Amino acid sequence: MKPLEGITVIDLSRFLAGPYCTSMLADLGANVIKIESTHGDDSRHIGPFVNGESIYFSMLNRGKKSISLDLKSAGGLDAFHKLCAKADVLIENFRPGVTSRLGIDSDTLRKRNTSLIYCSISGFGQSGSMSNKPAYDIIAQALSGIMASTGPEGGAPTRVGESFGDIAAGMFSSWAICAALFNRERDPKKAGCYLDVSMLDCLFTMQVTNLAQFIANGQAPKPIGNRHPLSAPFDSFQAQDGQVVIAVANNSLFSRLCHCMEMMTLIEDKRFSTDEQRGINHSALKELIESWTSARSVSEVCRQLDAVGVPASPIWNIEQLVESQHAEERGLLQPLCSWHTPTQPIFFNGHKLFNNSPSPVLGADNNILDEIN
């Protein structure tokens, strides 16, 4: 099953957000043609490297084709226009205004191909007072409110430990592209469409808990460490040999936790009678729970709580997850050449779809240009 088989995607994007989007489309069977300058995507030169090849670039661009073009030359621009005339989707992440100067903007390309779905990814969108502001992920995080609510309680704002602005924009772009393709397929008479994706908008939309608090009380959330701002106990707790995470968000789970700890009197304690009250009195509740967890190992706490259906876990690093039985059973990493790569995470009818072709050498598929002339 390859849902996007037969769909041609022109990928003008660089670095992370756009290539992440098109890697997901390639996993679903799309024919992704990456257009690069003669220098190549800058991420080809970003480490770490294995056998001289950038793992960062390879993860994001496996299964794609590469054409090197000088879009500032008449010949390169003409070839690009011919490619787009037969394509289904185009994705770019230039700063707003650049594509118009190059003559490859949506209006220009869709005059020749009215069914083209054109997706622009940028830091702040194609309109608004910040649209021309340069951006990397950390800039979008800093302005989105997510940094201001992340970090130790009472501490300074902290960047989330991955480029989630880029990743979110790539995911939302792939979702929007698939929706646009479905709409076009349902009614072939409909033209394509223009998609304007902003990293900042995506990060803002994803902050459901933060936004709920702000809309309800008008106060911006602040860093509170690992605990949940509304529910308790929903935090990390000290055990004999490390930290253990316990997550309880309703009375039923709290009752199970209290029975497991043999602290049944807490169930009737007015300070902990509801999720809201437990959130208000989270410090006192944490102290009581840690009197139990600190006398046990992380594995023992998890074993006992798993047995009664209370969500609990150790705090793994990525190596521990990769080496786990779960990672193997779920196919979190798939073989690719001499190393392994993550893929899109969804199982389709019990099968994980991914493109296991290696990332292309720069300009490896320039012969495609001969075929369109």
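Analyst: Let's start at Glu262, which is found in the loop between helix 10 (251-261) and helix 11 (265-268). Helices here are DSSP runs of H or I with at least four residues and strands are runs of E with at least two, numbered from the N terminus. This is a predicted model, in which local features need pLDDT of at least 70 and side-chain atom pairs count only at pLDDT 80 or more, while totals for chains, interfaces and linings use all residues. Residues are numbered from 1 along each chain as its sequence is written, and side-chain values use heavy atoms, with hydrogens and water left out.

User: Why does Glu262 count as exposed?

Analyst: Its relative accessibility is 69%. Exposed means over 50% relative accessible area, buried means under 20%, and partly exposed is in between, using a 1.4 Å probe and protein chains only, so the label "exposed" applies.

User: And what makes the phi of Glu262 worth a look?

Analyst: Phi is near 60 degrees, a positive value in a residue other than glycine. Most residues other than glycine have a negative phi. Asn349 is also not a glycine and has a positive phi of about 50 degrees. Asn349 lies in the loop between strand 14 (347-348) and strand 15 (351-352), and is exposed at a relative accessible area of 68%.

User: Which residues does the cis peptide bond with omega of about 5 degrees join?

Analyst: That bond joins Gly47 and Pro48, and Pro48 sits in the loop between strand 2 (31-36) and strand 3 (49-50). Another cis bond runs from Ala232 to Pro233, with omega near -5 degrees. Pro233 is in the loop between helix 9 (208-217) and strand 9. Most peptide bonds are trans.

User: How do you know that strand 9 and strand 10 pair?

Analyst: Two strands pair if DSSP finds at least two bridges between them. Strand 9 (residues 234-239) and strand 10 (residues 242-247) share 6 bridges in the antiparallel sense, so by that rule they count as a pair. They form a hairpin with 2 residues between them, and Ser236 stands opposite Val245 in strand 10. Strand 10 also runs antiparallel to strand 11 (residues 312-314), joined by 3 bridges. There, Val245 stands opposite Ser313.

User: How do you know how many disulfides there are?

Analyst: A disulfide is a pair of cysteine sulfur atoms within 2.5 Å, and a search of the whole structure finds 0 of them. The sulfur of Cys178 is 8.1 Å from the closest cysteine sulfur, in Cys21, so that pair is too far for a bond. Cys302 is in no disulfide either, as the nearest cysteine sulfur, that of Cys260, is 11 Å away.

User: Are Cys178 and Cys302 buried, partly exposed or exposed?

Analyst: Cys178 has 28% relative accessibility, which makes it partly exposed. Cys302, at 9%, is buried.

User: What makes a group of residues a nonpolar core?

Analyst: The group is a set of buried Ala, Val, Leu, Ile, Met, Phe, Trp, Tyr and Cys residues joined through side-chain atoms within 4.5 Å. The largest has 28 residues, and Val9, Leu25, Val89, Ile91 and Ile177 touch the most other members. Helix 7 gives the most to this core, with 6 residues. Apart from it lies another core, of 24 residues, among them Met263, Leu266, Ile289 and Val310.

User: Which residues does Val89 touch?

Analyst: Contact means heavy atoms within 4.5 Å. Not counting residues up to four places away in sequence, Val89 touches Ile7, Thr8, Val9, Ile10, Leu116, Ile117, Ile177 and Leu181.

User: And how many helices and strands does the protein have?

Analyst: The protein has 17 helices and 15 strands, and buried residues make up 46% of its 373 residues.
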